[in-house]
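Try each task yourself, then follow the solution step by step.

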Amino acid sequence: LRPGADRVRVSPDRDHQPHGMMPLPKNGQGRHAMNTAPKTLVVDDSAAIVKSMVEKLNSLGITDITVAPDGMKALELFKNAILGQDPYRLVFLDLVMPVMDGHAVLKIMRTVENQIAFSCQEKITIIITTSRNSPDDMIEAIHGECNDYIIKPVDTATLQRIIAKHIAFCTNANTAAAAGDA
């Protein structure tokens, strides 16, 4: 996969789940209940990281993947998808990138969502994927309303667990229950 590639389509069978892998929630079970795997945006300037992430997502049955090599391209794709009424459901966002860093991209993405008045169930799941293990970065990302923070390299089992955690998070009642568990 070359840097700057916009769209990766690997398999026409978007519901395929490899043997031994837990399927993503369907039929109203998840936060983003859907009959197909979620439309996904991967934002990272490293071709090696992008290739690895795409392979891992494909192994989980996620094949509708768009790649952005920097923050500006990510924002363009993100806004166009929302305006086209076909928003991403998952965004994996690196922090350290050329043109615009991930913290700034995250804040703008959430602003765009708020301007379009997304409901709680329609909020796009944005997961920071970074090599930075700094408490300051984590706190800034949480304040920027990321849904999760993963330290690279990301293994498939962690990726699967994180995706299932956020896709399955459905109602305000679940949000209150989860907050009470913390």
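**Exercise 1. Find Leu83 and decide whether it is buried or exposed.**

Step 1: Leu83 sits in helix α2, which covers residues 71-83. Helices here are DSSP runs of H or I with at least four residues, strands are runs of E with at least two, and both are numbered from the N terminus.

Step 2: The relative accessibility of Leu83 is 64%, so it counts as exposed. The cut-offs are under 20% relative accessible area for buried, over 50% for exposed, and partly exposed in between, with a 1.4 Å probe and protein chains only.

Step 3: Leu83 and Ile116 are 33 residues apart along the chain, and their C-alpha atoms are separated by 9.1 Å.

A word on the ground rules before going on. This is a predicted model, in which local features need pLDDT of at least 70 and side-chain atom pairs count only at pLDDT 80 or more, while totals for chains, interfaces and linings use all residues. Residues are numbered from 1 along each chain as its sequence is written, and side-chain values use heavy atoms, with hydrogens and water left out.

**Exercise 2. Describe the whole chain: how many helices and strands does it have, and in what order do the elements run?**

Step 1: Counting gives 6 helices and 6 strands.

Step 2: Read from the N terminus, the order is β-β-α-β-α-β-α-β-α-β-α-α.

Step 3: Of the 182 residues in the protein chain, 47% are buried.

Step 4: Take the contacts (heavy atoms within 4.5 Å) between residues at least 6 apart in sequence: 69% of them join residues at least 24 apart.

Step 5: The accessible surface is about 8,900 Å², and carbon and sulfur atoms account for 54% of that. The area comes from the Shrake-Rupley method with a 1.4 Å probe; for residues, only the protein chains shown count as cover.

**Exercise 3. Work out how α1 and α5 pack, and which residues make the contact.**

Step 1: Helix α1 spans residues 47-59 and helix α5 spans residues 156-167; their axes are 10 Å apart and meet at an angle of about 65°. Axes are lines fitted to C-alpha atoms, for helices over the stretch in contact, and angles run from 0 to 180 degrees between N-to-C directions.

Step 2: On the α1 side, the contact uses Met53, Lys56, Leu57 and Ser59, and on the α5 side Thr156, Leu159 and Ile163.

Step 3: Sorted by type, these residues are 4 nonpolar, 2 polar and 1 charged. Here Ala, Val, Leu, Ile, Met, Phe, Trp, Tyr, Cys and Pro count as nonpolar, Asp, Glu, Lys and Arg as charged, and the others, Gly among them, as polar.

**Exercise 4. Which backbone features stand out at Gln85, Glu145 and Pro153?**

Step 1: Gln85 is not a glycine, yet its phi is positive, about 60°. Gln85 lies in the loop between α2 and β4 and is exposed, at 72% relative accessible area.

Step 2: Glu145 is not a glycine either, and its phi is positive at about 75°. Glu145 lies in the loop between α4 and β6 and is partly exposed, at 42%.

Step 3: Lys152 and Pro153 are joined by a cis peptide bond, with omega about 5°. Pro153 is in the loop between β6 (148-151) and α5.

**Exercise 5. Where is Asp101, and what does its side chain approach?**

Step 1: Asp101 is in the loop between β4 (90-93) and α3 (102-115).

Step 2: Its relative accessibility is 34%, so Asp101 counts as partly exposed.

Step 3: A polar atom of the Asp101 side chain lies 3.2 Å from the backbone nitrogen of His103.

Methods. A polar contact is a pair of N or O atoms within 3.5 Å; within protein, one must be able to donate a hydrogen and the other to accept it, and residues adjacent in sequence count only if both atoms are side-chain atoms.
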